[in-house]
Amino acid sequence: DNQLIAGYLCEWVKTLHVMGKGDITVPQWRDKCLQRYGFDPLKPWAYNDYGVPEGQQTNAKKERIMSGEDMLYRVADECCKGDVENAARKILQDYRSGRWGPVSLQLAPETEDDEGQANVDLLTSIAKGDAALIEGQAERQRSEMEEREERAKIAVEMAKERGLELPPMVEKIQEEKEKKDESSSSVSSISAGEVGKGLFDGW
């Protein structure tokens, strides 16, 4: 079922961020969601006591990070005119075609008890789903990523100054980053209503 798989995929990727592994497994996911879907999947959002019996409601605003299912319905609302099946296909197609950037859903084993890969515990992610905690981790990951990119940029510039020949892959990455920086202003000018028109129009 496309909807179940898409929701589970989003929940899994969010959990990687909660674990503090998002910067090495899905480093571009947050930015890509902002560009393609029009929302930040790791930003806390307010919710009310809908479904709580009368008399037990607090009327106090609460905040939490969206679940994978929440993200699926948000994509449907923002990009697919409320069509959840269409949104599920869009999410899966974006993942499979690399539009989320590099993605690794598995973690390298860290202890002898890890059988082939480190454990990704979705239930622990939900239990620890405090909005402030996750937001703090996400911001720290973003800061660390920017710091690594700056160090890499300095290293590339020093190598060029010394006349060292860079591997083709490094040059390609630098060219793509420069193109991305140049086009970022034009990307931000696209309205949310124009993203994902139809099933996959324009992609």
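Mentor: The following account treats the core and then the salt bridges.

This is a predicted model, in which local features need pLDDT of at least 70 and side-chain atom pairs count only at pLDDT 80 or more, whereas totals for chains, interfaces and linings use all residues. Residues are numbered from 1 along each chain as its sequence is written, and side-chain values use heavy atoms, with hydrogens and water left out.

A nonpolar core is a set of buried Ala, Val, Leu, Ile, Met, Phe, Trp, Tyr and Cys residues joined through side-chain atoms within 4.5 Å. Buried means under 20% relative accessible area, exposed means over 50%, and partly exposed lies in between (1.4 Å probe, protein chains only). The largest such core has 23 residues, and those with the most contacts inside it are Trp 29, Tyr 37, Leu 72, Ile 91 and Trp 100. Two or more residues come from each of the elements α1 (2–18), α3 (29–37), α4 (68–79) and α5 (84–96). Helices (H or I, at least four residues) and strands (E, at least two) are DSSP runs, numbered from the N terminus. Apart from this core lies another, of 5 residues, among them Trp 12, Leu 16, Leu 107 and Val 120.

Trp 29 deserves attention. Contact means heavy atoms within 4.5 Å. Leaving aside neighbours within four places in sequence, Trp 29 is in contact with Cys 10, Val 13, Lys 14, His 17, Pro 41, Leu 42, Met 71 and Trp 100.

Lys 14 forms one with Glu 11, the closest N and O atoms being 3.1 Å apart. The two are 3 residues apart in helix α1, so about one helical turn separates them. Glu 11 counts as buried because its relative accessibility is 10%, and Lys 14 is buried at 5%.

Arg 30 and Asp 40 also meet through their side chains in a salt bridge (2.7 Å, N to O). This pair links distant parts of the chain, with Arg 30 in helix α3 and Asp 40 in the loop between α3 and β1 (45–47), 10 residues apart. Both Arg 30 and Asp 40 are buried.

In helix α5, Glu 85 and Arg 89 are 4 residues apart, which means about one helical turn. Their side chains form a salt bridge (3.4 Å, N to O). Glu 85 is partly exposed at 23% relative accessible area, and Arg 89 is partly exposed at 40%.

Definitions and conventions. A salt bridge is a side-chain nitrogen of Lys or Arg within 4 Å of a carboxyl oxygen of Asp or Glu.
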